[in-house]
Amino acid sequence: MALERRTIVDKALELLDEVGMDGLSTRRLAAALGVKGPSLYWHFKNMRELYNHMAEALRETALPSPDAFPHDWQAWLADGARGLRRAALSHRDGARLMAGATLTGTSQVLDFPAMTGRLQSEGFRYREAQGALLALGRYAIGWASYEQLTPNPPATSDEAFEFGLQAMIVGIAIKVPAASLPRSQRLRPA
């Protein structure tokens with residue numbers, strides 16, 4: 001049976017829970033898959049590329065589709081930020097993994113142009129859409145990093161995350177006034 005990329009990524013995420021990022025190696029992963037280490041290099045040229053695919057697999061489970069929450073960009077953005085935080089917290093060192101990753105462009109689910117397009121249809125200019133997505137994603141993963149690095153995060157962490165998330169979304173609405181207009185009054189953004 002041929003080894004597939006997704007099988008390798010899934011096993012790597014499983015090992016991540018056991019040994020963390022510092023303990024994850026090609027040798028250990030190959031042993032867990034029952035193959036020789038060099039066979040992994042047919043699928044991933046190095047650990048950085050594997051990490052990128054692992055982080056992308058976590059993001060795929062986290063983000064709502066661009067057509068979710070029709071006509072409510074604020075709920076859509078909030079749901080995405082919550083999903084990223086959940087995904088980052090779902091694995092040991094998940095936030096660290098996601099914070100250092102670059103999207104591979106191979107995912108059928110993670111379609112950045114569709115995400116920015118969704119916000120543009122709501123009145124955002126392209127740079128505003130891009131900025132909103134990046135800021136909220138970084139906030140969610142940064143918050144998860146804090147939670148994973150703090151031995152005993154406060155019990156109010158969920159409440160504080162939600163406060164910050166809502167403050168950011170309100171701030172985005174203020175910075176992008178066209179998105180707060182009724183759809184009939186919106187001009188097509190440049």
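Trainee: Let's start with Glu49: is Glu49 buried or exposed?

Mentor: This is a predicted model, and in it Glu49 is buried, with a relative accessible area of 17%. Buried means under 20%, so Glu49 with its 17% falls in that class.

Trainee: Which residue forms a salt bridge with Glu49?

Mentor: Look for a side-chain nitrogen of Lys or Arg within 4 Å of a carboxyl oxygen of Asp or Glu. Here the partner is Arg5, with the closest N and O atoms 3.1 Å apart. The pair ties together distant parts of the chain, as Glu49 sits in helix α3 and Arg5 in helix α1, 44 residues apart. Arg5 itself is partly exposed, at 33% relative accessible area.

Trainee: How many salt bridges does the count come to?

Mentor: The count comes to 10. Among them is Glu162 with Arg82, 2.6 Å between the closest N and O atoms. That pair links helix α8 to helix α4, 80 residues apart.

Trainee: And what about Arg118 and Glu122?

Mentor: Think about helix geometry: an α-helix has 3.6 residues a turn, so residues three or four places apart point the same way. In this model, the side chains of Arg118 and Glu122 meet in a salt bridge at 3.4 Å, N to O. Arg118 is buried at 7%, and Glu122 is buried at 2%.

Trainee: At what angle do α1 and α2 pack?

Mentor: About 130°, with axes 10 Å apart. Angles from 65 to 115 count as roughly perpendicular and over 145 as roughly antiparallel, so α1 and α2 are oblique to each other. Their crossing is right-handed.

Definitions and conventions: Residues are numbered from 1 along each chain as its sequence is written. This is a predicted model: local features need pLDDT of at least 70, side-chain atom pairs count only at pLDDT 80 or more; totals for chains, interfaces and linings use all residues. Side-chain values use heavy atoms; hydrogens and water are left out. Axes are lines fitted to C-alpha atoms, for helices over the stretch in contact, and angles run from 0 to 180 degrees between N-to-C directions. Helices (H or I, at least four residues) and strands (E, at least two) are DSSP runs, numbered from the N terminus. Angles under 35 degrees count as roughly parallel, over 145 as roughly antiparallel, 65 to 115 as roughly perpendicular and the rest as oblique. A crossing is left-handed if the near helix is turned anticlockwise from the far one by less than a right angle, and right-handed if clockwise. Buried means under 20% relative accessible area, exposed over 50%, partly exposed in between (1.4 Å probe, protein chains only).
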